[in-house]
Amino acid sequence: MNIDEEISILEYSPDWENWFEEEIISLKPIFRPNTTFEHFGSTSVPGLTAKPIVDILIGLHGTLEITVSQKKELEQLGYECLGTAGVQGRIYCRKRGIRSFNLAVTQFNSTLWNDNLELRDYLRSHPDEAELYAQHKLDAYHLGYRKLLAYSDYKSDFIAQLLKRAKGF
C-alpha cells in the first residue's frame with residue numbers, strides 16, 4: 001500500500017460541505033452506534049484553498065478499531081484502509097474518484113480529535129490566519145511539493161504554529 005499520491009490545490013468549493021453531508025449518510029450505518037462525525041481539514045473552512053479531498057473525522061466512543069466487517073463495508077464503498085499511515089491514534093482510509101474522501105478514525109475526545117477540531121474552528125473564526133495558511137499551501141505547491149508526503153511535511157511546522165495560536169500559546 002502506497003500512501004503517497006499526486007495532489008492538486010483548488011479554490012474553495014461550497015460543494016465540499018454537501019459531499020461531506022452525503023458521504024456520512026453512507027458511513028453512519030457502518031459505524032453505528034456511538035460514533036460522531038465531523039467535517040475537518042481545509043475543505044471544512046469556507047474560502048480556504050484546499051486539496052479537493054473531503055476529510056471526515058470519525059470519533060469512536062470506545063475502542064479504536066475497525067472490524068473486519070466494517071472494513072469490508074468500507075471497501076464496498078470504494079475505500080482502502082491504510083492503517084495508521086504514520087499517525088498514532090488514527091486509522092486512515094481513503095476513497096478516490098470524482099468525489100474523494102479521507103477518513104480519520106480516532107477515539108472521540110482524544111487529543112487528535114480535539115486538536116483537529118480546534119484548528120478547524122480557529123481557521124473558521126480567523127480569516128486572516130486562514131489566508132496565511134492558504135498562501136503557505138500555494139507556496140508549497142508552486143515550489144514543487146506535489147506529492148502528498150512532501151507537501152504534508154512542508155506544511156507541518158506551519159500547522160503546528162497555527163495550532164499553538166488556536167490554543168492560545
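1. Axes here are lines fitted to C-alpha atoms, for helices over the stretch in contact, with angles running from 0 to 180 degrees between N-to-C directions. Helices (H or I, at least four residues) and strands (E, at least two) are DSSP runs, numbered from the N terminus. The model is a predicted one, in which local features need pLDDT of at least 70 and side-chain atom pairs count only at pLDDT 80 or more, while totals for chains, interfaces and linings use all residues. Residues are numbered from 1 along each chain as its sequence is written, and side-chain values use heavy atoms, with hydrogens and water left out.

2. Helix α3 (residues 111–125) and helix α4 (residues 127–142) have axes that come within 5 Å and cross at roughly 110°. That makes α3 roughly perpendicular to α4 (angles under 35 degrees count as roughly parallel, over 145 as roughly antiparallel, 65 to 115 as roughly perpendicular and the rest as oblique). On the α3 side the contact (heavy atoms within 4.5 Å) is made by Y122, L123 and S125, and on the α4 side by P127, E129, A130 and Y133. By class, five of these residues are nonpolar, one is polar and one is charged (Ala, Val, Leu, Ile, Met, Phe, Trp, Tyr, Cys and Pro count as nonpolar, Asp, Glu, Lys and Arg as charged, and the others, Gly among them, as polar).

3. Side chains of opposite charge can pair when their charged atoms come close. Taking a salt bridge as a side-chain nitrogen of Lys or Arg within 4 Å of a carboxyl oxygen of Asp or Glu, the count comes to ten. One of them joins R96 and E5, with the closest N and O atoms 2.7 Å apart. R96 lies in the loop between β4 (91–95) and β5 (100–107) and E5 in the segment before α1 (15–31), so the pair ties together parts 91 residues apart in sequence. R96 is partly exposed at 32% relative accessibility, whereas E5 is buried at 16% (buried means under 20% relative accessible area, exposed over 50%, partly exposed in between, with a 1.4 Å probe and protein chains only). A network of salt bridges links E5, E80, R94 and R96.

4. E22 and R99 form a salt bridge with their closest N and O atoms 2.3 Å apart; E22 is in helix α1 and R99 in the loop between β4 and β5, 77 residues apart. E22 is partly exposed at 42% relative accessibility, and R99 is partly exposed at 34%. K95 and E23 meet in a salt bridge at 3.1 Å, N to O. Because K95 lies in strand β4 and E23 in helix α1, this pair ties together parts that are 72 residues apart in sequence. K95 is buried at 17%, as is E23 at 8%.

5. The largest nonpolar core has 22 residues, of which F31, I56, L74 and L103 touch the most other members. A nonpolar core is a set of buried Ala, Val, Leu, Ile, Met, Phe, Trp, Tyr and Cys residues joined through side-chain atoms within 4.5 Å. The elements giving two or more residues to this core are α1, β2 (53–60), β4 and β5, and α1 gives the most, with seven. Neighbours within four places in sequence aside, F31 is in contact with F37, I58, L60, I66, Q70, L74 and V105. A second, separate core of eleven residues includes V45, Y122, A134 and A166.
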